[in-house]
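Let's take a walk through the ring contacts and open spaces of this one.

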Amino acid sequence: MNRILPFIALFIFVSACAPQTLYRRQALVPSPQAPPYRGEPVGKKHMEFQVQLSGSHAEEEEFPEYYDDALWVPEFMINAAGMFGVIDFLDLGFLFTYAHGSWANKTANGTPPMTDDEKNIFAIGPQIGAGAKLLGGKLFLGGYASIQYARMPWSEWRLEDPDDILHSGCYERVDHGADDEFYYRLGFFVGSRPVKWVALHAGVVLHAAWKNIGFSDENYSGSTLKQTTPLIMPLFGVRFDVKPVFLEASMTFPLSTVSEIDYFPIGWSAGLGIRI
C-alpha cells in the first residue's frame with residue numbers, strides 16, 4: 001500500500017493542476033449582465049436613478065488545455081446608474097460598476113489565485129438610450145449603449161521547480177498589474193405596458209468579452225488579456241412602478257457559443273430606483 005501512495009498523490013496533483021505548464025496567468029473580468037435600461041424613454045426633463053444587482057455563473061473547465069483561458073468571473077456585480085431625459089426620445093446618463101474578487105468563480109481548474117491587490121473591478125462611463133412610445137405609451141422600443149473605463153487586474157505565475165511536480169507551493173507570482181479596458185454594452189429592446197404600473201420588455205444585448213493565455217510554457221511580457229468576440233445575450237424582464245419608486249427584474253441567457261467562456265444558461269438582475 002505504501003508503494004502506491006506516491007502514485008495516488010501524483011495522480012491527484014496532476015488532475016488538479018493539469019495542464020502542468022511552466023507559466024500561468026489569470027485576470028478578473030466582468031460577468032455578463034443586463035443594462036439598467038429597457039428601451040422605454042425616461043421622458044423630457046425627468047430623471048431616474050437606480051441601483052442594480054446582477055448575477056451569473058461561469059462554468060469551470062475541469063481539464064483545461066494549453067493556451068486555454070484562466071479567468072476569474074464575478075457571480076455578482078453592482079451597478080449604480082442615472083438617466084436624464086434630454087428630449088422625449090433621448091436619454092443621457094452615467095453608469096458605475098463594481099465587483100469584488102471574493103464574489104468570483106474561476107473558469108478553469110488550476111487558475112492561479114487572486115491576491116489582495118487584485119480583488120476589485122471598477123468601471124465608470126456614460127450611457128445613452130434612445131426610444132419611442134407608441135399607441136399612447138402601451139408599446140415602446142429603443143436602443144441602448146454604454147462604454148465604461150475599467151481596470152481589470154491580472155497576474156502571472158511561474159512554476160518554482162519544474163522537476164519537482166509534488167512541490168506543495170508549486171507556483172509563485174512573478175508579475176502583476178491592471179489593464180485599462182473599454183467595457184461596452186449595446187442593446188435593442190421592445191416592450192409594452194399592459195397597465196400603467198407594469199412594463200414588460202425583451203431584448204438582445206451585445207456584451208464585451210475577454211480572453212487570455214492562461215496556461216503556457218512561454219514567458220510573455222505583461223498582460224495577455226484581450227477583448228474577443230462580444231457575447232450575445234437575449235433577455236426579458238419586468239418593471240413595477242409605485243411612484244416615485246420602481247423595481248426592475250430581468251432574466252438573461254448568455255450564448256456561450258460566441259464567447260471564450262461557458263456560462264450557466266440563466267443569469268438575473270434586480271434593480272431598485274427612483275424617478276424624479
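## Ground rules

Pockets come from a 1 Å grid over the protein atoms alone: a pocket is an open set of points where a 1.4 Å probe fits, with protein on both sides within 12 Å along at least five of seven lines, and lining residues have an atom within 4 Å of a point. This is a predicted model, where local features need pLDDT of at least 70 and side-chain atom pairs count only at pLDDT 80 or more, while totals for chains, interfaces and linings use all residues. Residues are numbered from 1 along each chain as its sequence is written, and side-chain values use heavy atoms, with hydrogens and water left out.

## The pockets

The largest pocket holds about 380 Å³ of space, a volume being the space filled by probe spheres set on grid points joined across faces, edges and corners. Its lining has 18 residues, and Glu40, Lys133, Arg193, Lys196 and Lys243 lie nearest the centre. Strand 9 (171-195) and strand 14 are the elements giving two or more residues to that lining, with strand 9 supplying the largest share, three residues. Strands here are DSSP runs (E, at least two residues), numbered from the N terminus.

By class, the largest pocket's lining has 11 charged residues (Asp, Glu, Lys and Arg), five nonpolar (Ala, Val, Leu, Ile, Met, Phe, Trp, Tyr, Cys and Pro) and two polar (the others, Gly among them).

The second largest pocket comes in at about 260 Å³. It is lined by 15 residues, with Glu61, Asp68, Asp69, Thr107 and Glu260 closest to its centre. Its lining splits into eight charged, four nonpolar and three polar residues.

## Ring pairs

Nine aromatic pairs turn up in a search of the whole structure. Rings of Phe, Tyr and Trp (its six-membered ring) pair if their centres lie within 6.5 Å; planes under 30 degrees apart are stacked, over 60 edge-to-face, and the rest tilted. Tyr98 and Phe122 sit 5.0 Å apart, centre to centre, with planes at 50°, so they are tilted. That pair links strand 5 (residues 90-100) to strand 7 (residues 120-134), 24 residues apart. Ring pairs also join Phe96, Tyr98, Trp103 and Phe122 into a cluster.

Phe236 and Phe253 are stacked, at 5.8 Å between centres and 25° between planes. Phe236 is partly exposed at 45% relative accessibility, and so is Phe253 at 28%; buried means under 20%, exposed over 50%, and partly exposed in between (1.4 Å probe, protein chains only).

Technical notes. Helices (H or I, at least four residues) and strands (E, at least two) are DSSP runs, numbered from the N terminus.
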